[in-house]
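I opened my notebook to look through this fold from sheet to helices. Here is what I looked up, entry by entry.

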Amino acid sequence: MEVFGPKYIGHTLDLRTIRAFILDLELNEADTLLLHPDNYDSLVLEYRDMYREPMPQPFYVLGVYIDEADANAIGPLRVPKDRVVVLYDDTRPHRVELARADTTLGDDGRTLYRCTECGGFVTPDGLPITGSLRKQYINWVKTREDPSTVRTVGECCVKG
Ligand SMILES: [Zn+2]
């Protein structure tokens with residue numbers, strides 16, 4: 001696991017800036033974004049206002065786990081307010097547990113297709129994979145040493 005930050009990513013720390021940051025840094029399903037508890041709370045409220053339903057738990061943006069930092073943390077996992085910390089290849093026990101909790105795909109060498117633009121999982125035809133199947137794929141990637149992945153331009157990111 002590698003820690004990056006704390007990093008200032010803009011004067012508002014909302015779903016839009018988080019998404020842009022994840023795309024900029026090309027974070028993936030093995031990574032975690034840590035937020036200060038106050039910022040995490042704002043995100044929960046923003047989500048509820050925007051989608052008229054509670055923010056799912058655990059919460060992912062573009063496959064990246066968004067986690068609330070421990071307010072009392074010291075050292076590299078301390079996140080100041082209005083900053084973020086990236087955990088590349090997050091191997092903290094609760095994160096690994098999370099990834100393993102719902103694994104139903106076998107370790108069978110199946111090829112995963114991912115969008116070249118956003119990194120999201122897609123079908124071989126480039127259609128975005130959503131819902132529980134997407135969750136399974138994330139878990140699968142997390143628990144495999146070297147999942148074979150193919151990059152393809154997904155419908156999610158086809159322009160014009
Ligand atoms: Zn895409």
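In which sense do β1 and strand β5 pair, and over how many bridges? I found that β1 and β5 (residues 84-88) pair in the antiparallel sense over four bridges. Strands here are DSSP runs of E, at least two residues, and helices are runs of H or I, at least four residues, numbered from the N terminus; two strands pair if DSSP finds at least two bridges between them. In this pair, Lys7 stands opposite Val84 in β5.

A note on the source: this is a predicted model, where local features need pLDDT of at least 70, side-chain atom pairs count only at pLDDT 80 or more, and totals for chains, interfaces and linings use all residues. Residues are numbered from 1 along each chain as its sequence is written.

Next I looked at the whole sheet. It is open, with five strands in the order β1-β5-β2-β4-β3 and mixed pairing. β1 (2-7) and β3 (59-61) stand at the edges with a single partner strand each, so one side of each is left without a neighbour in the sheet.

Then I turned to the helices. Helix α2 (residues 37-51) has 15 residues and reaches 21 Å from first C-alpha to last, close to the 21 Å expected at 1.5 Å a residue (the expected span is 1.5 Å times one less than the number of residues). Just after α2, I noted that Arg52 takes a positive phi of about 60°.

Last, I checked confidence. Mean pLDDT (the predictor's confidence in each residue, from 0 to 100) is 83 for the protein, and 88% of its residues reach 70 or more.
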